[in-house]
Amino acid sequence: MKDKKYSYNLPNISNEKQEFKTNANSIIIVGVNGSGKSRLGAWMDKMHENLYRIPAQRDITILEDGFRNNYRIARNNLFYGATNPIYLWIDVF
């Protein structure tokens with residue numbers, strides 16, 4: 001599995017598709033505001049069927065006195081939408 005190659009396409013200076021190969025199965029694009037990240041993402045959406053984009057958060061500030069959940073509560077809220085997923089089954093019956 002170590003020698004597996006992944007390919008992806010990016011536009012060249014003429015906006016034509018250019019293929020690149022890598023050992024990683026994902027890429028991360030970072031740039032300042034207005035540098036064309038969203039436009040590049042839209043271009044890649046058109047060129048790739050097997051593409052999943054994760055947009056950046058608009059506000060990533062963390063308050064010093066902000067509320068923090070423990071791992072179990074945070075995981076349950078993320079995966080099940082509830083702090084205690086056992087209570088999700090009560091409304092079913």
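Which residue's backbone nitrogen does a side-chain oxygen of Asn-70 reach at the start of α2? I looked, and it is Arg-72, with the oxygen within 3.1 Å. I count a polar contact as a pair of N or O atoms within 3.5 Å; within protein, one must be able to donate a hydrogen and the other to accept it, and residues adjacent in sequence count only if both atoms are side-chain atoms.

**Ground rules**

I am working on a predicted model, where local features need pLDDT of at least 70, side-chain atom pairs count only at pLDDT 80 or more, and totals for chains, interfaces and linings use all residues. Residues are numbered from 1 along each chain as its sequence is written, and side-chain values use heavy atoms, with hydrogens and water left out.

**Overall layout**

I find 2 helices and 2 strands in the chain, and reading along the sequence gives me β-β-α-α. These elements are DSSP runs numbered from the N terminus: helices are H or I with at least four residues, strands are E with at least two.

I get 12% of the 93 residues as buried. My classes are buried under 20% relative accessible area, exposed over 50% and partly exposed in between (1.4 Å probe, protein chains only). The chain exposes about 9300 Å², and carbon and sulfur atoms supply 53% of that. The areas are Shrake-Rupley values with a 1.4 Å probe; for residues, only the protein chains shown count as cover.

I also checked contacts, meaning heavy atoms within 4.5 Å. Among those with a separation of 6 or more, residues 24 or more positions apart account for 21%.

**The hairpin**

Next I went to β1 and β2 (residues 17–22), which pair in the antiparallel sense over 6 bridges. DSSP has to find at least two bridges before I call two strands paired. There are 5 residues between the strands, and in this hairpin Asn-15 takes a positive phi near 65°.

Asn-9 sits in β1 (residues 6–11), opposite Glu-19 in β2. Is Asn-9 buried or exposed? I have Asn-9 as buried, because its relative accessibility is 13%. Leaving out residues up to four places away in sequence, Asn-9 touches Lys-17, Gln-18, Glu-19, Trp-43, Met-44 and His-48.

Lys-21 is the partner of Glu-19, with the closest N and O atoms 3.8 Å apart. I note Lys-21 as exposed at 58% relative accessible area and Glu-19 as partly exposed at 48%.

**After β2**

I then picked Ile-27, in the loop between β2 and α1 (37–47). Ile-27 is partly exposed, with 37% relative accessible area. Again skipping residues up to four places away in sequence, Ile-27 touches Tyr-8 and Met-44.

**The end of α2**

Last stop: Phe-79, in helix α2 (residues 71–80). I class Phe-79 as exposed because its relative accessible area is 59%. With Leu-78 and Tyr-80, Phe-79 forms a nonpolar surface patch of about 400 Å² accessible area together. Patch members need over 30% relative accessible area and no salt bridge; like charges are joined within 9 Å, nonpolar side chains (Val, Leu, Ile, Met, Phe, Trp, Tyr) within 5 Å. Just after α2, I see Gly-81 with a positive phi of about 75°.

Note on methods:
A salt bridge is a side-chain nitrogen of Lys or Arg within 4 Å of a carboxyl oxygen of Asp or Glu.
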